[in-house]
Amino acid sequence: MRAYVARRVVTALGLTVLVGILARSLIHLLPGDPVSLILGSETAVDPQVLRTVRAQLGLDRPVYAQVASWIGGLFRLDLGQAFSTGQPVIEIIAETLPRSLYIVVGGTLVGTLLGIPLGVIAALHRNRPLDWIASGIAALGISTPVFVVGTLLVLIFGVELRWFPASGYVGFSEDPSAFFRRLTLPVTTLGFGMLALIERMTRSTMLEVLGQDYVRTARSKGLDRRRVVYRHALANALVPVVALVGVELGTLLGRTVLVEYIFNWPGMATMLLRAVRFRDYAVAQGIVLVISLIFIFVNLLADLLYALLDPRIRYE
Amino acid sequence: MVMALTGRRLRRRWRLVATGLVIAFFLLVAFLPEVFAPRSPTAFDTARRLEGPSRDFPFGTDDLGRDILSRIIHGARPSLIIAFGAVGIAVVGGVTLGMVGGYYRGLWEWLPMRLVDVMLCFPPIVLAILIVGFLGPGMANLVMVIGFLYVSRMARVVHGATLSIRDSDYVEAHRAVGAGGARILLRGILPNIMAPVIVQATLMLGTAILVESGLSFLGLGVPPPAPSWGDMIGRGRTFMLNSPTGVVFPSVTLMVVVLAFNLFGDALRDHLDPRLRGAR
């Protein structure tokens, strides 16, 4: 077990460095001159401006030197400064990251807590009305774009019924009840898509496990059906679901961008969109990097949890 | 017994056929929008802005007085071109990386698969925003970006499929008669991993349409005035209190198309996977 953990941690660290290199060199990999890309085509290209920008961003140095100093900076938590305001990128991220995490964590919780029971119900009633309903909800959840769900929720609960504020953010410390009221719709939007994925995965792994010999053996020994389903089958069926939550986190983080946009939620994704609009590459690359690091970290956790739950993995 | 079996088989085929017909209809609309659209997608009539459905405008008009139905119909083509273009790139790149990574050992397994691991760390839409944001929107850029992002996902699937058959007897047979690496990959492995590749590609078409419409929704997709479903929903949002049709009709269209690709992919998987065919 210890060797497995060590190997996974080393892999995650390696990925972190590679992801950092890629995020930094992306602007060089895109076709065209990085400075022109950053300035955009609308800006008149004054050679003096070009030179200033290039020096300011360190783009006049060789690419490997730029990337090396950026990676060095990562370990000092230095992601450079915002091109437009000069504010350290890490400060921007420290301010906006928690707000994004509220909706990501909330959405995952809602999706998991509703998705697993729905998946179990669907599997136990395979090809019967309850399965159709549960699987129908899942199919709808997977196929409905998150921005459609969000837009409709705003229309129904924010504008028509006025149950929840349609957009905006209030800090928890300022007003806890306003915080949760504003959190409800974004979390529901994100949770709906997650619910669908988890329902499908739970359903299919449950069906697989229910057909296995040890479940049949347990049943034929005369064990109570409920006990077999919940103690024997569900415990094993949930192992791949844990891995799924890790893998699908990428999708979830992507959807967060749209959710923040729709609900005017001042999180990291909103900063990313603003950075792209103002062509602030320093901020944009920092945010993309942090999002990827979250992905790596959560997948590391999911893998370790997976190994803990399923002893077979450790001896691979 | 026999009757029940054919009945069940028919039902499974039925899902495949029904969703396939929906997809075929959308392909037809995408190829020949002029035939289906009653009006021009860009002609506007400012006297008739934000109208509800009427005989003139079956789905109503948008904030510039353009026909929503015609815009939905003309919006099919860019969505489908981007989806098929991107998935095409993903299939070519992903199958190559995945097969090489799955068949060979050592460096040739390590290198492609680590590349894939790194790519998978970036959520598609986030990286797409960064790249499209700096490269500029436009059809070609969208195809490239989405395709590039899906290469890693396809490579994962192909890698797994290749691993599971690399030691099989028929691949061994190719080796035994002295076939070279390229020949083994193309003749021994490729035909036998087509099923998961096709299923994955079908499911990817649905998600590629979602990513494209998401980017268009954010204003990073196909530039206006060309119609795009995501952009229609994004613009319609501002006026949805007075005129919900501008959001509702493109949303429903998008959902139906994506749902069709997803269900088609699922049905195809059930159909192609012999393990599931016999299952209750």
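These are my notes on chain A of a predicted model and on its contact with chain B.

**Ground rules.** Residues count from 1 along each chain as its sequence is written, and chains are lettered from A, ligands numbered from 1, in the order written. Since I'm on a predicted model, local features need pLDDT of at least 70 and side-chain atom pairs count only at pLDDT 80 or more, while totals for chains, interfaces and linings use all residues.

**Confidence.** I looked up pLDDT (the predictor's confidence in each residue, from 0 to 100). Chain A averages 81, and 92% of its residues score at least 70.

**Fold.** I found 13 helices and 0 strands in chain A (DSSP runs numbered from the N terminus: helices are H or I, at least four residues; strands are E, at least two). The C-alpha atoms fill a box of roughly 85 × 55 × 40 Å along the principal axes.

**Gly86(A).** I found Gly86(A) in the loop between helix H4 (63-75) and helix H5 (89-124). Gly86(A) counts as exposed because it has 9 C-beta neighbours inside 10 Å (20 or more other C-beta atoms within 10 Å is buried, 12 or fewer exposed, in between partly exposed; C-beta atoms are placed from the backbone). Of the 316 residues of chain A, 40% count as buried.

**Touching chain B.** The contact (C-beta atoms, placed from the backbone, within 7 Å) takes 35 residues from chain A and 33 from chain B. On chain A's side, the helices giving two or more residues include H1 (2-29) and H10 (225-262).

Terms used:
Two residues are in contact if their C-beta atoms, placed from the backbone, lie within 7 Å.
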